[in-house]
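Hi,

Here is the structure I promised to pass on.

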Amino acid sequence: MANIGNQLPTQAVSKPAPGKHGNVLPLWGNEKTMNLNPMILTNVLSSPYFKVQLYELKTYHEVVDEIYFKVTHVEPWEKGSRKTAGQTGMCGGVRGVGTGGIVSTAFCLLYKLFTLKLTRKQLMGLITHTDSPYIRALGFMYIRYTQPPTDLIEWYDGFLDDEEELDVKAGGGCVMTIGEMLRSFLTKLEWFSTLFPRIPVPVQKIIDQQIKARPRKVAQKETQEEEATFTESGRQGERRRSRTPRRTPSPRRSPKRSRSRSHHRERDRHGPSFDRELERERDRQRKEREGRDRDRDRDRGDRGDRERRRSRSAERNQDRRERRRSRSGSRERRNERRDKERDGGDDRSRRKDRDHHKDRGTERERSRDKKSRGETDDRRHKDDRERHREERKAKRSSRSRSRERKHKSGEEKSRKRERSHSRDRDRERDGEQRSHKRSRSKERSHHQRESSNDHSKHSERRRSQSTE
């Protein structure tokens, strides 16, 4: 079947080739989310498969090999991981919102391809790959999510009649060809439990006209199967006629033949398409909803029965309680009567006991008073002791302060005395120095006088000698 899907690779390659940027692919819509449903995108980004295993894949060829070994369907969620039964309206199973589940490996690898920023040549290698139809399916899905709506028909034109088959549903059960899948991509927004990006209305009209102008070719396998069914039905009819040759064909068999022929005509026109699978799924969902509604009605009926039983049991319990109360009241009355009869002979003993209890109570009160008085006396003694201790501490502190003051005053007096003594000493030293200086000056003056006298005497002698 892989060879059948590659009959027109040259036609498909020639059409999407023109462009201003050559090998560079344009991106339509959001450049970060790839126009995916936000819930699917968050599950893809948070999945350990995408964060750990796909993070190690860095090249285009490694991702293609991963698709070949791991992808087995093209549904966004794994089988049984997303519970959509019982949801209606915008939370239905085919809408773009609802509860999440385990995202499929196909969509994780699809977003991984988006992170690689594929070129035109790489994308053509995906959609014309011969090893696996799922590689081609992811390539076509990449085109549907990222390329402009005006270019979709150019990309898909050469593959609308491709007869390579693949099972697109998780768990199997929805086999379709590549051509049928591409027609559903172009004509419908719904893809299992998610939505494709919306195509503008004028572009959608042009796509619908071109698809209507190109009716789908009937596969050779379908014709062979129909011929085989026709031959088998003819043989069965001949066998029945041979068994009953004398009987004429009854008129009741004609409508059965017409129904079978109309059924075969419908097969000739439409074939096992994706629309029928969606209708079957919707019918299954409706049946499940109806079954759930029935279960709810049953649950409501069971609840009503339970409430009735509860009400009956409550009434019975009330009756039992009233009976018990009446019985307990009669018992209490009997006990009171017996007590009264006994009280007639036991009054004296009770009085004695009361007096005894009163005496004990007075003694207890007296002992309590004594204890309280003793406690108050102890408290007073403790307070007095504490006061005496505080007074003693205050006196000691005052004495220490007075001693410190006296010590400080004595030190100051001694310092003053020392200062006065030092001053007296300084004065004495100054007087001695002055007296010494005076004595020196006197001596000097005396020497000078003596020297002057000697000089005068010497001069007189000279004069006398000169005269002589």
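Below is what turned up, from the whole chain down to single residues.

This is a predicted model, in which local features need pLDDT of at least 70, side-chain atom pairs count only at pLDDT 80 or more, and totals for chains, interfaces and linings use all residues. Residues are numbered from 1 along each chain as its sequence is written, and side-chain values use heavy atoms, with hydrogens and water left out.

The protein chain has 13 helices and four strands (DSSP runs, H or I of at least four residues for helices and E of at least two for strands, numbered from the N terminus). Of its 468 residues, 26% count as buried, meaning under 20% relative accessible area with a 1.4 Å probe, protein chains only. Take the contacts (heavy atoms within 4.5 Å) between residues at least 6 apart in sequence: 74% of them join residues at least 24 apart.

Beyond its neighbours within four places in sequence, Tyr-156 touches Phe-140, Ile-143, Arg-144, Leu-182, Phe-185 and Leu-186.

Asp-157 lies in the loop between helix H8 (152–156) and strand S1 (165–167). Asp-157 counts as buried because its relative accessibility is 18%.

Cheers

Definitions and conventions:
Buried means under 20% relative accessible area, exposed over 50%, partly exposed in between (1.4 Å probe, protein chains only).
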